Amino acid sequence: MAADRLYLDHAATTPMLPQARAVMVAALDSWANPSSPHADGRAARAALEDARARIADALGWNGHVIFTSGASEAIAIALKRAKAARIVTSPVEHDAVLRVTEGAERLKVDANGLILQGRPGERGGPASSSPQQQQGAASPCQPDGERSLMAIQHVNNETGVIQPLDQVDREGAILFADCAQSAGKLPLPDADMIAISAHKFGGPPGVGALLIRDLGLIAPSGGQEQGYRAGTENLPAILAMAAALEARNDWLQQAATLRAHLDAGIEAAGGAIVARDAPRVPTIASYRMPGVPARAQLIQFDLQGLSVSAGSACSSGSLKTSHVLGAMGWDEAAAAEVVRVSFGPGTAMADVDRFLAAWADMAGRARR
């Protein structure tokens, strides 16, 4: 990346931490297949299992860890192979969840993107359901006495809103949490299955994990990872992921200061903060610049050496209107004027001020 460019798209992917990079480079020099029976393979297996234990310890997880190629694969394994009667999820989930839960019940969300189902005093029904689902069966989470699965994102990848999963009324359902944006930053929620992705917290791309309390919750597939994920494990990347999780994350307090400064500056310049009053992770925020489409903003920011995004990196190539903002009640025109800014460990106050100056200048020109 050019020295004069400013990267503020860490929610899409964040640079590898030096500790993770060093571990990965060293592992590339002495890598063997962990499934091989010879001494080199046995050494690789020992390193793999040590990394598995270290990752669980760093996350405070006391269940199983299944290594995957990232959160998207972990999501697919959990939701496509879950031993559940049906799936209940929300309309503000990541595309990786929505793709594998087509036809599932979607819970209502409020203007901040917080699910209504299960919040004290509020019992919102599904945002959309089939006629069959509307014909009064048991509870949305426990149909006909069979166990169901709730798939709820911990931190939204577009807005940074933290879903209060400890308040969700599970009613006996299996809880799956997409923690791609929260793992390594916030304590993990009390869920039965969790997806994480290393490149979101300073590890390498192409590796992640499905955390699962009971392997009996999903159907096995054969192959590696105790028969639940086929394919040779990417040991160098796994070792780097462990190193990234063990690195200090006390920079999050500074991120909260930076985000508060950015929020204030955006509002002072006439912008709007998405989910302003909701609990939000300090590393992600979305802002609306009235009268300026996100596409135009991204072009202008990019020309000034500023890297930000519009929504999820997994879908923003087409710059389609955010389904998250739509579910929160934003009309299409307003939602099309929103960009996302996200911080990493190296983000400084000078960086925020540089972005604010560019934002205020662009917004001011739009009002003239």
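Predicted model: local features only at pLDDT ≥ 70, side-chain atom pairs only at ≥ 80, totals over all residues.
Me: What is the span of helix α12, and what is expected for it?
Reply: Helix α12 covers residues 349-367, which is 19 residues. From its first C-alpha to its last it reaches 27 Å, close to the 27 Å expected at 1.5 Å a residue.

Me: Which residues of α12 are buried, and what do they pack against?
Reply: Asp351, Val352, Phe355, Leu356, Ala358, Trp359, Met362, Ala363 and Gly364 are buried. The buried residues of α12 pack against β1 (6-7), α8 (251-268), β11 (284-288), α9 (294-303), β12 (306-307) and β13 (338-342).

Me: Why is the pair of phenylalanine 301 and phenylalanine 355 called tilted?
Reply: The structure holds one aromatic pair. Phenylalanine 301 and phenylalanine 355 form it, at 5.0 Å centre to centre and with 35 degrees between the planes. Ring centres must lie within 6.5 Å to pair; planes under 30 degrees apart count as stacked and over 60 as edge-to-face, so the rest are tilted. With 35 degrees, this pair is tilted.

Me: Where in the chain are the two partners?
Reply: Phenylalanine 301 is in helix α9 and phenylalanine 355 in helix α12, 54 residues apart, and the pair links distant parts of the chain.

Me: Why do phenylalanine 301 and phenylalanine 355 count as buried?
Reply: The cut-off for buried is under 20% relative accessible area. Phenylalanine 301 is at 0%, so it counts as buried. Phenylalanine 355 is at 1% and therefore also counts as buried.

Me: How do you know that strand β9 is mostly covered?
Reply: Five of the five residues of β9 (residues 208-212) are buried. Gly208, Leu210 and Ile212 are buried on one side, and Ala209 and Leu211 on the other.

Me: What are the pairing partners of β9?
Reply: Strand β2 (residues 64-68) is joined to β9 by five bridges and runs antiparallel to it. Here phenylalanine 67 stands opposite alanine 209. Strand β8 (residues 193-197) also pairs with β9 in the antiparallel sense, over five bridges. In that pairing isoleucine 194 stands opposite leucine 211.

Me: Which residues touch the most other members of the largest nonpolar core?
Reply: Leu59, Ile194 and Leu211 do, in a core of 57 residues. Helix α7 gives the most to this core, with nine residues. A second, separate core of 30 residues includes Leu8, Ala285, Phe301 and Met362.

Me: What does isoleucine 194 touch?
Reply: Leaving out residues up to four places away in sequence, its contacts are Trp61, Phe176, Ala177, Cys179, Leu188, Pro189, Ala209, Leu210 and Leu211.

Me: Why is alanine 242 called buried?
Reply: Its relative accessible area is 0%, and buried means under 20%, so the label applies. Alanine 242 is in helix α7 (residues 235-246). Not counting residues up to four places away in sequence, alanine 242 touches Ala51, Arg54 and Ile55. The C-alpha atoms of alanine 242 and alanine 58 are separated by 8.0 Å, although the two residues are 184 apart along the chain.

Me: Why is glutamate 171 called partly exposed rather than buried or exposed?
Reply: Buried is under 20% and exposed is over 50%, so values in between are partly exposed. Glutamate 171 has a relative accessible area of 25% and is therefore partly exposed. Glutamate 171 is found in the loop between β6 (149-153) and β7 (174-178).

Me: What makes the phi values of glutamate 171 and glutamine 226 worth a look?
Reply: Most residues other than glycine have a negative phi. Glutamate 171 has a positive phi near 50 degrees. Glutamine 226, in helix α6 (residues 224-227), has a positive phi of about 60 degrees.

Conventions. Residues numbered from 1 in each chain as written. Heavy atoms only, no water. Helix = DSSP H or I, 4+ residues; strand = E, 2+ residues; numbered from the N terminus. Expected span 1.5 Å × (residues − 1). Buried < 20%, exposed > 50% of the residue type's maximum accessible area, 1.4 Å probe, protein only. Contact = heavy atoms within 4.5 Å. Pairing = 2+ DSSP bridges. Core = buried A, V, L, I, M, F, W, Y, C linked by side-chain atoms within 4.5 Å. Phe/Tyr/Trp six-rings, centres within 6.5 Å; stacked < 30°, edge-to-face > 60°.
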